[in-house]
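Here are my notes on the model you asked me to look over. Have it open while you read.

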Amino acid sequence: MSIRASNKRWIAALSAALMVCVCASASAQNYSLGDEADEVATIQTALKQLKLYSAGITGHYGEKTEAAVKKFQKAKGLTQDGVASTATLNAITSALKNA
(Lines give C-alpha, C1' and ligand atoms only; values in the text may rest on other atoms or scores of the structure.)
Protein backbone atom coordinates (compact mmCIF):
# COMPACT_ATOMS: atom_id res chain seq x y z
CA MET A 1 0.00 0.00 0.00
CA SER A 2 1.38 3.37 -1.02
CA ILE A 3 0.77 6.64 0.83
CA ARG A 4 0.95 9.81 -1.25
CA ALA A 5 3.33 12.57 -0.17
CA SER A 6 0.47 14.95 0.65
CA ASN A 7 -1.05 12.33 2.95
CA LYS A 8 2.32 11.78 4.63
CA ARG A 9 2.62 15.52 5.33
CA TRP A 10 -0.90 15.62 6.73
CA ILE A 11 -0.22 12.61 8.96
CA ALA A 12 3.06 14.10 10.15
CA ALA A 13 1.42 17.45 10.93
CA LEU A 14 -1.41 15.77 12.78
CA SER A 15 1.03 13.66 14.78
CA ALA A 16 3.06 16.73 15.72
CA ALA A 17 -0.10 18.61 16.69
CA LEU A 18 -1.21 15.78 18.92
CA MET A 19 2.21 15.62 20.54
CA VAL A 20 2.22 19.36 21.25
CA CYS A 21 -1.36 19.20 22.51
CA VAL A 22 -0.40 16.43 24.92
CA CYS A 23 2.58 18.49 26.08
CA ALA A 24 0.51 21.62 26.62
CA SER A 25 -2.24 19.88 28.53
CA ALA A 26 -0.02 17.52 30.52
CA SER A 27 2.26 20.22 31.82
CA ALA A 28 1.92 23.85 32.71
CA GLN A 29 5.69 24.11 32.64
CA ASN A 30 7.47 26.63 30.45
CA TYR A 31 10.47 25.51 28.42
CA SER A 32 13.42 27.81 27.79
CA LEU A 33 17.11 27.99 26.99
CA GLY A 34 19.07 25.21 28.66
CA ASP A 35 16.12 22.90 29.37
CA GLU A 36 16.29 19.23 28.41
CA ALA A 37 13.14 17.12 28.17
CA ASP A 38 11.16 14.87 25.88
CA GLU A 39 8.67 17.73 25.56
CA VAL A 40 11.44 19.88 24.05
CA ALA A 41 11.92 17.26 21.33
CA THR A 42 8.19 17.45 20.68
CA ILE A 43 8.38 21.24 20.39
CA GLN A 44 11.32 20.92 17.99
CA THR A 45 9.37 18.44 15.87
CA ALA A 46 6.39 20.78 15.71
CA LEU A 47 8.57 23.75 14.76
CA LYS A 48 10.21 21.62 12.08
CA GLN A 49 6.76 20.81 10.68
CA LEU A 50 6.09 24.56 10.56
CA LYS A 51 9.38 25.08 8.66
CA LEU A 52 10.83 27.23 11.46
CA TYR A 53 13.43 24.80 12.79
CA SER A 54 15.95 22.86 10.74
CA ALA A 55 18.40 21.56 13.34
CA GLY A 56 18.33 18.11 14.88
CA ILE A 57 15.64 16.86 17.23
CA THR A 58 17.67 16.62 20.42
CA GLY A 59 15.40 17.40 23.34
CA HIS A 60 17.82 20.16 24.33
CA TYR A 61 16.39 23.70 24.26
CA GLY A 62 19.36 25.44 22.72
CA GLU A 63 19.86 28.69 20.83
CA LYS A 64 18.39 27.28 17.60
CA THR A 65 15.23 26.14 19.37
CA GLU A 66 14.94 29.50 21.11
CA ALA A 67 15.39 31.34 17.80
CA ALA A 68 12.70 29.20 16.14
CA VAL A 69 10.29 29.85 19.01
CA LYS A 70 10.97 33.61 18.73
CA LYS A 71 10.27 33.48 14.97
CA PHE A 72 7.01 31.70 15.65
CA GLN A 73 6.05 34.13 18.41
CA LYS A 74 6.77 37.10 16.14
CA ALA A 75 4.69 35.64 13.33
CA LYS A 76 1.75 35.09 15.71
CA GLY A 77 1.98 38.42 17.53
CA LEU A 78 3.05 36.85 20.81
CA THR A 79 5.65 38.16 23.23
CA GLN A 80 9.00 37.37 21.60
CA ASP A 81 10.84 36.01 24.61
CA GLY A 82 11.81 32.61 23.15
CA VAL A 83 10.06 30.79 25.99
CA ALA A 84 7.75 27.93 25.04
CA SER A 85 4.98 28.90 27.44
CA THR A 86 1.50 27.41 27.55
CA ALA A 87 0.27 30.25 25.33
CA THR A 88 3.02 29.59 22.78
CA LEU A 89 2.44 25.83 22.85
CA ASN A 90 -1.29 26.35 22.31
CA ALA A 91 -0.54 28.65 19.36
CA ILE A 92 1.82 26.05 17.87
CA THR A 93 -0.90 23.43 18.19
CA SER A 94 -3.37 25.70 16.39
CA ALA A 95 -0.86 26.48 13.67
CA LEU A 96 -0.22 22.78 13.06
CA LYS A 97 -3.94 22.08 12.81
CA ASN A 98 -4.22 24.81 10.16
CA ALA A 99 -1.06 23.83 8.25
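The points below go from the overall fold to one helix pair and then to the core.

1. First, a reminder that this is a predicted model. The chain has 4 helices and 0 strands, and along the sequence that reads as α-α-α-α.

2. On burial, 37% of the 99 residues in the chain count as buried. As for contacts with a separation of 6 or more, 45% of them link residues 24 or more positions apart.

3. Now take helix 2 (residues 38–49) and helix 4 (residues 86–98). The two pack with their axes 10 Å apart, at an angle of about 40°. That angle is why helix 2 counts as oblique to helix 4: it falls between the roughly parallel range, which is under 35 degrees, and the roughly perpendicular one, 65 to 115. The crossing of this pair is left-handed.

4. Which residues make the contact between these two helices? Helix 2 brings I43, A46, L47 and Q49, while helix 4 answers with L89, I92 and L96. By type, the contact of helix 2 with helix 4 splits into 6 nonpolar residues, 1 polar and no charged.

5. The largest nonpolar core has 18 residues, and the ones touching the most other members are L47, F72 and I92.

6. Helix 4 gives the largest share, with 5 residues.

How values were computed
Residues are numbered from 1 along each chain as its sequence is written. This is a predicted model: local features need pLDDT of at least 70, side-chain atom pairs count only at pLDDT 80 or more; totals for chains, interfaces and linings use all residues. Side-chain values use heavy atoms; hydrogens and water are left out. Axes are lines fitted to C-alpha atoms, for helices over the stretch in contact, and angles run from 0 to 180 degrees between N-to-C directions. Angles under 35 degrees count as roughly parallel, over 145 as roughly antiparallel, 65 to 115 as roughly perpendicular and the rest as oblique. A crossing is left-handed if the near helix is turned anticlockwise from the far one by less than a right angle, and right-handed if clockwise. Contact means heavy atoms within 4.5 Å. Ala, Val, Leu, Ile, Met, Phe, Trp, Tyr, Cys and Pro count as nonpolar, Asp, Glu, Lys and Arg as charged, and the others, Gly among them, as polar. A nonpolar core is a set of buried Ala, Val, Leu, Ile, Met, Phe, Trp, Tyr and Cys residues joined through side-chain atoms within 4.5 Å. Buried means under 20% relative accessible area, exposed over 50%, partly exposed in between (1.4 Å probe, protein chains only).
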